[in-house]
Amino acid sequence: MLLVAMPPASAALAAPAVPAQTSRTDVLGLISQSPVVEPDKDLVIRLRVTGAPSGATIRVDVHGRVPTRTDFEASLDGRNLRAPVGNPTIVPATPDPSGAVAVSVATRDPQSTLPADPSTPTIRIGEGVYPVTIALIDNKTTIQQLLTYMVRLPVGDEFGPLGVAVVLPLGAAPALKPDGSVALDSAGRDGIVSSASVLSAHSDVPLTVAATPETIDALDPATADSLRAAVAGRELTLTPFVELHPSEWVSSDLRGELGRQFDVGAQDLTAALGSPQPHYVADNRLTPDAAQFLHARGVTSMVVPDTALNGLDERVFNRTLTQPFVVQDSGGVEAVAADSALEAHVGSTGDPVVDANHLLADLSVLYFDDPPDTRAAAFVLPNDHAVDSRFLDALLGGLSPSINRILRPMTLTTLFANVPMVGSKGAPNGRDAPLTRELKPTPSDNLAVFARKLATAGGDLASYRTMMVGSNPRPDEFEQRLLVAGANGLSEQQREAYLDGATAAIHGETDKIQAPPRQTINFTARDGVVSLTIKLSTGYPTAIDLFLQGEKLEFPGHEDGHIALTLTDETTRVPINVRTRASGDSSLDITLQSPDGGLVIGRSRVTVRSTAFSGVGIVLSVGAGAFLALWWGRHIVQARRGRRRPRHAAT
């Protein structure tokens, strides 16, 4: 709020001097005022006055018109005000039964023939924007002062209104936590509740909503229903699942993951509020590569911060640009500049109603800059809970088509469909080749470390998805943690906590599948059956793959060693035909894995002990036995013959 002290005056009618800051900030406040004033009508102001001394008065001075936006910006701090027009309006600072002090300033058009009430101060003014100082005075001493503006409308409707595209972000800090719990912060929820209430009260004012899907998903059913009703008939933009900087993802080779952010965001918004339109609200880090990526995904138009664009030649563009243009190296994306000066009014004075008045006055100055041409201003309200509901109420009330003839609220779709692109040489209304503007992005953060960790966690999730049989929400729930890990404002440690939480949750599910116990099985023949027991406690059907390995074993019917299984019961017995290549012990190694092989669920080993002889072994054994029998037989015969020979005496 502009707080100024007025010098001791010799008379109550003395014009205010150059304002100076005072310590009082809690006495005078603006409840409401006429957003616009028709010719020969009154400016009506309602004030909140708290603790004013007895006998205090309210003094209202209307100062000379601000002809340009430069003059308007110079007037905002209370300096460089032109002399008052006519005499001030002074009333007692005594609240009425409603608790407000009402002040009416009577106006007449310079060409008006309507008589003025001689007992009421009346000022003669034409169309335009006029600063208004409102002072609380006690015995010639100014206690507190604030500055607003009166927007005096033209007599006729010779020219069309200035389009006004308001973009209202609705989002909050991530509600989904690394452990999977959901807790939307109270400030975020309260902001959405109050915004929904204001939007419902001004259903005749079109605007565009940039809603964060993750926040919308976290709303309780009653709040979600009220918001859905409030945005009905309005427009939604394309938004990723969480707030992020696309340029960082594109430069970090995370295009696929970024695409998933937009896919899930569009899917959730459609289910919760309605289908988003192909418009995107960019940040000041937008690069041509990111713009091309968005264009390839269907974005046809953008709102780009004017601070993210290279400047214009002031010799050609000597006024604020209020027409669309083409973004250079974007693949043909059409854009409008988000006016940072308009956005700066939000929260600038400490009085939300005064802030709204300043913004409406600024828009009106833009209208009077060049009323004959078809133009539109665009601005994005902040998304940090700074948008007070009183501000939004006063802003939308001042844009109501039933009240304001020079400002026409519209959606982004209406803007791009009805406001022609400005020419490269400044020609309005599309009479020249379109102006192309170059992006001037601020530096982006390096997401290389996050990208590597996200790829690992994403691989686990992809493998887990191959284990699902039928509809199962768990993979999507785990994916949301990966998506939230990419939100703006998170530290490396916080990002890692989300990724680790998702990975732990996935492995927690796979741990509910128990591999067969170790065991030894005896075969008395070459072929046998190994019965494996697998236990499941997930509570839902699960597909897995058994991978069998045994150096001295064969698996008839499953020669490649793979067996696809769908587990539906708590206990599943799997008989496996096994053929041994040799007698003795052979190891059968069993690996339980996801169908794509990316996740190892468990391992086990079965020892197959074979006591069977092969056909070749029997033949060899029989042959060996026969040979030995023959050899021993011949040996015995020869021994007996030797004993029968006569012995000769020695000579």
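In the predicted model, the crossing of helices H12 and H14 is left-handed. Two packed helices are described by the angle between their axes and by the distance between those axes. For H12, which spans residues 448–465, and H14, which spans residues 492–510, the angle is about 20° and the axes lie 10 Å apart. Because angles under 35 degrees count as roughly parallel, H12 and H14 are described as roughly parallel to each other. On the H12 side, the contact is made by Val449, Phe450, Lys453, Leu454, Ala457, Asp460, Leu461 and Tyr464, and these meet a set of H14 residues that includes Glu492, Arg495, Glu496, Leu499 and Thr503. Further along H14, Ile506, His507, Glu509 and Thr510 also belong to this contact. Sorted by class, the residues that H12 and H14 bring to the contact comprise eight nonpolar, three polar and six charged ones.

The protein as a whole has 651 residues, of which 48% are buried, and its secondary structure consists of 15 helices and 27 strands. When contacts between residues at least 6 apart in sequence are considered, 73% of them join residues that are at least 24 apart.

In soluble globular proteins, nonpolar side chains tend to be buried together. In this model, the largest nonpolar core contains 80 residues, and Met302, Ile544 and Leu546 are those with the most contacts inside it. Helix H12 gives this core its largest share, namely six residues.

Helix H13, covering residues 474–484, has several buried residues, namely Pro475, Phe478, Glu479, Arg481, Leu482, Leu483 and Val484. The elements that cover these buried residues include helix H3 (213–217), helix H6 (255–272), H12 and H14. The axes of H6 and H13 come within 11 Å of each other and cross at roughly 120°, which makes H6 oblique to H13. The crossing of H6 past H13 is left-handed. In this contact, Arg260, Gln261, Val264 and Asp268 of H6 meet Asp476, Glu479, Gln480 and Leu483 of H13, and the residues divide into two nonpolar, two polar and four charged.

Another helix pair is formed by H9 (residues 352–369) and H10 (residues 389–399), whose axes come within 8 Å and cross at roughly 35°. In this case H9 passes H10 in a right-handed crossing. The residues of H9 that take part are Pro352, Val353, Asp355, Ala356, Leu359, Leu360 and Leu363, while H10 contributes Arg390, Phe391, Ala394, Leu395, Gly398 and Leu399. By class, the contact of H9 with H10 has ten nonpolar residues, one polar residue and two charged residues.

Most residues other than glycine have a negative phi. Asparagine 80, however, has a positive phi near 60°, and this residue lies in the loop between helix H1 (69–75) and strand E4 (89–92). With a relative accessible area of 63%, asparagine 80 is exposed, because exposed means a relative accessible area over 50%. Asparagine 139 likewise has a positive phi, of about 55°, although it is not a glycine. Asparagine 139 is located in the loop between strand E7 (128–138) and strand E8 (141–152), and with a relative accessible area of 65% this residue is exposed.

Alanine 433 is found in the loop between helix H11 (412–418) and strand E18 (436–437), and its relative accessible area of 42% makes alanine 433 partly exposed. Although alanine 433 and methionine 421 are twelve residues apart in sequence, their C-alpha atoms are 8.7 Å apart in space. With residues up to four places away in sequence not counted, alanine 433 touches Val422, Gly423 and Ser424.

Key. Residues are numbered from 1 along each chain as its sequence is written. This is a predicted model: local features need pLDDT of at least 70, side-chain atom pairs count only at pLDDT 80 or more; totals for chains, interfaces and linings use all residues. Side-chain values use heavy atoms; hydrogens and water are left out. A nonpolar core is a set of buried Ala, Val, Leu, Ile, Met, Phe, Trp, Tyr and Cys residues joined through side-chain atoms within 4.5 Å. Buried means under 20% relative accessible area, exposed over 50%, partly exposed in between (1.4 Å probe, protein chains only). Helices (H or I, at least four residues) and strands (E, at least two) are DSSP runs, numbered from the N terminus. Axes are lines fitted to C-alpha atoms, for helices over the stretch in contact, and angles run from 0 to 180 degrees between N-to-C directions. Angles under 35 degrees count as roughly parallel, over 145 as roughly antiparallel, 65 to 115 as roughly perpendicular and the rest as oblique. A crossing is left-handed if the near helix is turned anticlockwise from the far one by less than a right angle, and right-handed if clockwise. Contact means heavy atoms within 4.5 Å. Ala, Val, Leu, Ile, Met, Phe, Trp, Tyr, Cys and Pro count as nonpolar, Asp, Glu, Lys and Arg as charged, and the others, Gly among them, as polar.
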